[in-house]
Structure formats: structure tokens, C-alpha cells
Amino acid sequence: MNTNTDGSSPTRVSTLAPKEGGGFPNPGLPPHTPRQTDISKPAEKRAERLVAFMFLLSVVGTVIFIAAYFLVTPLDTNIFAEEGTPRALWWSNLVTGLGLAIAVFFIGAAAVHWAKTLMPDEEWVEERHDVRGSDETRKAAAEMITSGLAETGIGRRPVMVTAMVAALAALPIAVLAPLSTLGPLPGNKLHHTFWGQNPGQRLARDHDGTPIKLSDVAMNSIFHVMPEGLTDETPHRLEERAKAAAVIVRIDPKLAKNDESMSMGVEGVLAFSKICTHVGCPVALFEQQTHHMLCPCHQSTFDVTDGAKVIFGPAHRPLPQLPIEVDAEGYLVAPGDFTEPIGPSFWNIHKDK
Ligand code: FES
């Protein structure tokens, strides 16, 4: 039974007198019409069973989603279509989408039906009161909450409540299921490139693949390079190209601010990873006057005279350098791998090398 916060019982209002000084009379509330479930025990039970049934349908929807996610994939031949075809993708989207839609829809439908048929629906007028009530008022409020909970009948409807808990607990599994199929972790693949797998390779021009001699590299010029041994037949060619991409530039050794970096080059010719340490765009712009390399994506700027340190932009670490030498025929070669893992920085970049 509801009570006012001052402890008195709320009243259903029919008609109140108009305010002193005029105004409209309070029209009051229309007479309350009890619902079928208020006056008939069988109707109440039926509504309760229907709510429980809808929650269970939601569980079924979740199961359909999970089963479809693994069994009706576009990557394998399934009962509906050949693997890898647009038709297989269409079926996969349709069945997983339907499963999720059923799961979400029936939770909502059950909640609405519960509220409309089983929750108390009488309207009550409660007089205004001070913001903080007296101790008696607060005690009465606590009792009101307790009696309100009792009126919802949660304690008397264990099947329905259990079904609701099952539906709400099952739905998050549908969210977790796709996480289990994310690709494998990269491990330490980013710590090694094709340069390190085959030490002593010549530096070759990107695309035409011709090796580069030290004498080919004019002052303040830039070359985009790849390992000479990385050909169309190389396994995982595109991945290897993405990791091995490098640039070489030639600067006047007198401008050098970083002896360690200069010692990894030859007569002012220095090689750096072309992959930006911010989020991996190709750093392909070289300013001849300032000797800065620029990433076109977010304008990170690297000072070639100072070991490609970041002097502007969101990147956090220098471009990894590729130590180079000259072989007996005058060609530039890389005796090993980059000095650091290439690509965007990540939290364990200095571990597990
Ligand atoms: S990717 Fe290079 S600055 Fe963002």
C-alpha cells in the first residue's frame, strides 16, 4: 500500500475546490479502471507466464546469434552458400542480425508487458513537502519503498525473475563472442623486418628494384628503397614490403648533430624507416633546406641531422634507422635490421625484442 512521505495515506483525487482568487477547478483524475490482471488471478498468471516466455525467447535469440556467428560464416561453406561468396556474407549477416534482434527485442517487449499488466498502474496524488523530511517521513519513505517492492510481486514471481536474469545475463555473451575470433596477436613480428632476415642485402630503388650505388645519391636527394632480395616471389610479400620500406637521404656531414646516427651511415647517406612512428603513414617528404622529413598525415616532422628525432607533431619517437655500408662494388648494403621496431609506438615497444 502506498503512503505519503509524511506518513499519511495518499488519496485519489476526484475534484478539488478552485484556488482562492480564481483559477480553474482541479479536474481530478478519471476513475481508475482495474485491469484484467488486477481482478483475475488466472489473468495475472497468464501475463506472468507470457513475460517469462518473452525473456526466454530473448535467450533463444542470443543462442541463435552465437551459433550463427560460428556456423554461418562467410569464410566457410555453410548450409546456405559457398565459402567466400557474397551470398555467404549475406546469409551470415542476416542470421546473426536476426539472432541479435530477437534477443534485444524480447527483453524490451517483456519489460513493457510486465509494466503494463503486472506493475501497479493507479495514479496517486502526493502533497508537496520540504526537501528533507522528518525522521518519521524518512522512515515512512523506506517503508513505502519496501511495500512498493512487495507490490511489484518480484518475490512472488521467481520463474519470471529467473528468466529475466537469464536473458540479461545471456545477452552480453553475444557481445563477447565476436571478440573470440579476433586475429592472432602480432607477437614480435614488428621487431623484425626483411632486412634482418637477410643481412648484407643491397638497397634497391622501390618499384624498379635496381640497386643503388653510393655515388648515385646526390647531396640533399631522397630515395625510396626496398631490400633487393624482396621480390614478387617472397612469401607474404606485401607484409614484408610494408615493414621494410625505407628512405635514404644524403646530407652534408658537417651539419650532423648526432654522431651515433651519422656513424650508421656512409659519407652523409643515412637510411631510415619510411613508416611514421605516429600511426604508420609513409614519411615521404624531405625538405632540402631544413633537412626535415615530414609525414603528410599529421605533420610529424623528423630532423635528419639529429637521428630523425621528432621536432614537431604527434609522433613520439625517432624514425628507426637502418645502418648501411658500401660493398666492394660501391653499392649500398644493410648489414642488419633497423635499430628499433618499426611503425607506430606501442606500450611494450622496448620489450621482447
Ligand atoms: S601518421 Fe605520421 S604524423 Fe600521424
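Visitor: How do helix 2 and helix 3 run relative to each other?

Guide: Start with how a helix is defined: helices are DSSP runs of H or I with at least four residues, strands are runs of E with at least two, and both are numbered from the N terminus. Axes are lines fitted to C-alpha atoms, for helices over the stretch in contact, and angles between N-to-C directions run from 0 to 180 degrees. Angles under 35 degrees count as roughly parallel, over 145 as roughly antiparallel, 65 to 115 as roughly perpendicular, and the rest as oblique. Here helix 2 (residues 41-71) packs against helix 3 (residues 86-117) at an angle of about 165°, and their axes are 7 Å apart. The two helices are therefore roughly antiparallel. In their contact, 21 residues are nonpolar, seven are polar and none is charged. For that count, Ala, Val, Leu, Ile, Met, Phe, Trp, Tyr, Cys and Pro are nonpolar, Asp, Glu, Lys and Arg are charged, and the others, Gly among them, are polar.

Visitor: Before going on, what kind of model is this, and how are residues numbered?

Guide: This is a predicted model, in which local features need pLDDT of at least 70, side-chain atom pairs count only at pLDDT 80 or more, and totals for chains, interfaces and linings use all residues. Residues are numbered from 1 along each chain as its sequence is written.

Visitor: Which hand does the crossing of helix 2 and helix 3 have?

Guide: A crossing is left-handed if the near helix is turned anticlockwise from the far one by less than a right angle, and right-handed if clockwise. The crossing of helix 2 and helix 3 is left-handed.

Visitor: How does helix 5 pack against helix 2 and helix 3?

Guide: Take the pairs in turn. Helix 2 and helix 5 (residues 158-179) pack at about 20°, with axes 8 Å apart. That angle makes helix 2 roughly parallel to helix 5. Their crossing is left-handed. Helix 3 and helix 5 pack at about 150°, with axes 11 Å apart. This pair is therefore roughly antiparallel. Helix 3 also passes helix 5 in a left-handed crossing.

Visitor: Which residues does UniProt list as "transmembrane region"?

Guide: UniProt positions are given in the numbering used here, with feature names shortened, and annotations may be inferred rather than shown by experiment. The unreviewed UniProt entry lists residues 50-70, 90-112 and 159-179 under that name. In the model, residues 50-70 are 100% helix and 0% strand, and their end C-alpha atoms lie 31 Å apart. Residues 159-179 are likewise 100% helix and 0% strand, with end C-alpha atoms 32 Å apart.

Visitor: What is the order of the strands in the open sheet?

Guide: Two strands pair if DSSP finds at least two bridges between them. The open sheet has six strands in the order 4-3-2-1-10-9, with antiparallel pairing. Strand 4 (269-273) and strand 9 (325-326) stand at the edges with a single partner strand each, so one side of each has no neighbour in the sheet.

Visitor: Is strand 1 mostly covered or mostly uncovered?

Guide: A residue is buried if 20 or more other C-beta atoms lie within 10 Å of its own, exposed if 12 or fewer, and partly exposed in between; C-beta atoms are placed from the backbone. Strand 1 is mostly covered, with four of its five residues buried.

Visitor: Where does Asn220 lie, and what is its phi?

Guide: Asn220 lies in the loop between strand 1 and strand 2. Its phi is near 60°, a positive value in a residue other than glycine. Asn220 counts as partly exposed because it has 15 C-beta neighbours inside 10 Å.

Visitor: What do strand 7 and strand 8 form?

Guide: They form a hairpin with five residues between them, and Gly307 in the turn has a positive phi of about 65°. Three bridges join strand 7 (residues 301-303) to strand 8 (residues 309-312), running antiparallel. Asp303 stands opposite Lys309.
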